[in-house]
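This report describes a single protein chain, moving from a sheet and the helix beside it to cores, charged pairs and a pair of helices. The sequence and the structure are shown first.

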Amino acid sequence: MIINTEIDRKGDQFPSKIVACKKDVDTFYFTTDNNVVLQLTVYRDSILRFRFTTKSIFENDFSYAIDENASRGYNHLSTKEFDDYYEVTTSKLICHIHKVDLRVAIFDAVDGSLISEDESGFHWEENYDYGGDIVKMSKAAPSGESYYGMGDKPVQSNLRGKRFENWATDSYAFERHTDPIYKTIPFYTALHERKAYGIFFDNSFRSFFDFCHEQRHITSFWAQGGEMNYYFIYGPKMIDVVASYSDLTGTPELPPLWTLGFHQCKWSYYPESKVKEVAHKFRELQIPCDAIYLDIDYMEGFRCFTWNKEYFPNPKKMVQELLDDGFKTFAIIDPGIKIDEDYSVYKEGIENDYFCKRADGPYMKGKVWPGECYFPDYTNPKVRKWWSGLFKELIDEIGVKGVWNDMNEPAVMEVPNKTFPDDVRHDYDGNPCSHRKAHNIYGMQMAKATYEGLKKYSYPDRPFVITRSAYSGTQRYSSTWTGDNIATWDHLWIANIQAQRMSLSGYSFVGSDIGGFAEQPTGELYTRWIQLGVFHPFCRAHSSGDHGEQEPWSFDEDVIDIVRKFIELRYTLLPYIYTAFWRYINEGMPIVKSLVLFDQNDQQTYDRNDEFVFGEKILVCPVMEPNAQGRRMYIPVGNWYNFWTDEFVKGGKEMRVEADIDSMPIFIKEGAIIPKYPVQQYVGEKEIDEMTLDVYYKKGKEKSELYEDANEGYDYKKGRFSLRNFSLVGKSNKLSIQQHKLGKFITTYETFKIKLHGFPFKIRKIYIDNEEFLFEDLKVNGDNVIVITKEFTNLNIVGE
């Protein structure tokens, strides 16, 4: 007789005592007597991977996030067994694994200080609805520990006291604190007593992070399926944590220089005459612009990879004419494929079984812009190869230069959860699963498939892709924007904090819809947003046509003039920005640095939200309130020069900075050498015949860099690049600059125009590679400007 049919719901379960320990090269296996196994892998001296199973057997070890080229190896690895714990030691870390319950404590190997320790540690709960486990981790949170990162969360920089969900979600007109939104980046950096570490929880199921929200002394993270699989990354510098995470999950290849110019977008520019009208107006008003975008209305009935012949009768001709005027054309591509027997993309997908299916076999059907659609399973390599081949006509034949992936969370209209049901099945690169596991990486794999198509058909040029949804590692394939924002002052603040947070999360190539996608900005708000946007890596204005015109000339003449001024400023800074990208791609250095990332030793930076450092040398603080003629801001420790006036400012304090509508607070770090181009209407309009170097005096030492190549193509990978390292040394009446050049690329210019800023002494003589000149003989136009050969190795500027 059956007496009790209820399932014995056990609640949270915990590992018991360790009964076995095994070592295999760089990996340790700790087994408990209730069949929990901890797999501890030493990736590098500063990176440990912790992976748990509750069934004694691990799943296939597969991750979309980890870059196959990530660095591995260590300088030292040893282990010891003590009465109460095992000890694993590298040159940077000491890890204790407690025998009684598998809890972990991690120490600095140099000074022995505790970095992080488990509170309850790993525990789990059986998932009776879906099978498998809900996997959980809790760690002790010391008083004063701060937390940063987590992708595009629209909240204050420091995450302590907050709780978040990771589930990529179409979030039209999201607001401050909306969660979740478009991206899932389960990585954070913690900072305590001026030492930083990071945790990357590589689990693509719906996950949650609690930063002392539920209990003030505990930080925890958990997921509704999969493994407890996380990487512990030690700095102790925050910048090194982010760089190591970027190495682990990858960085993109260098973008073509034109992608760093200004882009103009709208939902939607059509017909062809409207596209040309917008392009012509930019050139007429002499507002630099490199790209113009086509939203979904360029398609025939919103069918991807088609053209509306009424609106665009000859797209190839139009794209070429735009290119002749310096405009590269972008086209949007969404994942939804219209169910239409006369539509070739749909037919190919059906014939080859490329679309996602429900658990019992029917195709996943959902409504998006074309109406009822099926959706490719981008987690299947065969589907990605097919998808990448669909770009041949668009890229190779018509000449479109970039593709913009939207709606790829994936978004589905008119359903409560805004996306696929949980029972949709995915290949997951040979690891079949439900949508519960594949949802957060769906957009990433679409971006990868798009990237592979553009890389093939754009060759020998470099590809350029933009994606709305992303998981950790998507930065290898695509830039991104922050989604469907609103034309409000609060969203200007959100755009600023999101760009900083994304850079902290290893994803530097990011920007917002300048001016706001939904609703209509005032001229003042649009102007202030342009001022911020030109200091974001991706610089694009975008809006919904439902709310009116939003081009620079949609406002008054003053707005046009100020917008032109700031976009021109961006174009002059292109060599500086390109060098910042080179550092990001090669060294993992974030392009937009929150002040805490710039100087973690200054506790005044820990909760600053507005100020940031762009590249290595430029401090920016946007004005984010209406009717403001300036603002208070924090100047980081060190000495700085006001960009507009050359006023010398000592940092480490908060101060008011005047900034009327035609200005914004910008400061240059002392000792900086800032490379500049002449103003161009688009990248490549002019052959660069002279590079300007703005040199800012410093009593002491400072290093700067200038990276250059052909701005397009792959010759830079064969050594055809130019990397100039400048070492500046300033004394009370002398300043010297040494130049060391690497690479085989030969620039088109022969001379540097050097502008001298903030020199405290009257300059009398200049020595160029030991050849003496009177300053008066070298000055240009009577200013503190000299012109010298680009090949100099030693420049000495001497006072009286």
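An open sheet is built from eight strands in the order β1-β2-β3-β4-β18-β15-β14-β11, and the pairing is antiparallel. At its edges lie β1 (18-24) and β11 (146-149), each of which pairs on one side only, while the twist averages 20 degrees from one strand to the next. Two strands are taken to pair if DSSP finds at least two bridges between them; helices (H or I, at least four residues) and strands (E, at least two) are DSSP runs, numbered from the N terminus.

This is a predicted model, in which local features need pLDDT of at least 70 and side-chain atom pairs count only at pLDDT 80 or more, whereas totals for chains, interfaces and linings use all residues. Residues are numbered from 1 along each chain as its sequence is written, and side-chain values use heavy atoms, with hydrogens and water left out.

Within the sheet, strand β4 (residues 47-53) is joined by six bridges to strand β18 (residues 228-234), the two running antiparallel, and Arg51 stands opposite Asn229 in β18. Helix α1 (residues 238-249) packs on the sheet, where it touches β3 (37-44), β4, β11, β14 (187-192), β15 (195-201) and β18, and its direction makes about 25 degrees with that of β15. Contact here means heavy atoms within 4.5 Å; axes are lines fitted to C-alpha atoms, for helices over the stretch in contact, and angles run from 0 to 180 degrees between N-to-C directions.

The largest nonpolar core has 200 residues, of which Phe262, Ile333, Trp387, Phe391, Phe535, Phe614 and Ile618 touch the most other members. Such a core is a set of buried Ala, Val, Leu, Ile, Met, Phe, Trp, Tyr and Cys residues joined through side-chain atoms within 4.5 Å, where buried means under 20% relative accessible area, exposed over 50%, and partly exposed in between (1.4 Å probe, protein chains only). Beyond its neighbours within four places in sequence, Phe262 is in contact with residues including Phe282, Pro288, Ile514 and Tyr571. A second, separate core of 45 residues includes Met150, Leu159, Tyr188 and Phe211.

Salt bridges, defined by a side-chain nitrogen of Lys or Arg within 4 Å of a carboxyl oxygen of Asp or Glu, come to a count of 63. Three of these pairs are set out below.

| Pair | N to O distance |
|---|---|
| Lys136 and Glu125 | 3.0 Å |
| Glu549 and Lys274 | 4.0 Å |
| Arg462 and Asp709 | 3.3 Å |

Because Lys136 lies in strand β10 (residues 133-140) and Glu125 in strand β9 (residues 114-126), their pair ties together parts that are eleven residues apart in sequence; Lys136 is buried, with a relative accessible area of 16%, whereas Glu125 is partly exposed at 27%. Glu549 lies in the loop between β33 (539-541) and α10 (557-572) and Lys274 in helix α2 (residues 272-285), so that pair ties together parts 275 residues apart in sequence. Arg462 and Asp709, both buried, link distant parts of the chain, 247 residues apart. A network of salt bridges also links Asp170, Asp406, Glu409, Arg468 and Asp484.

Helix α2 also packs with helix α3 (residues 315-324) at an angle of about 5 degrees, their axes being 11 Å apart. Their contact is made by Glu272, Val275, Lys276 and Ala279 of α2 and by Met318, Glu321 and Leu322 of α3.
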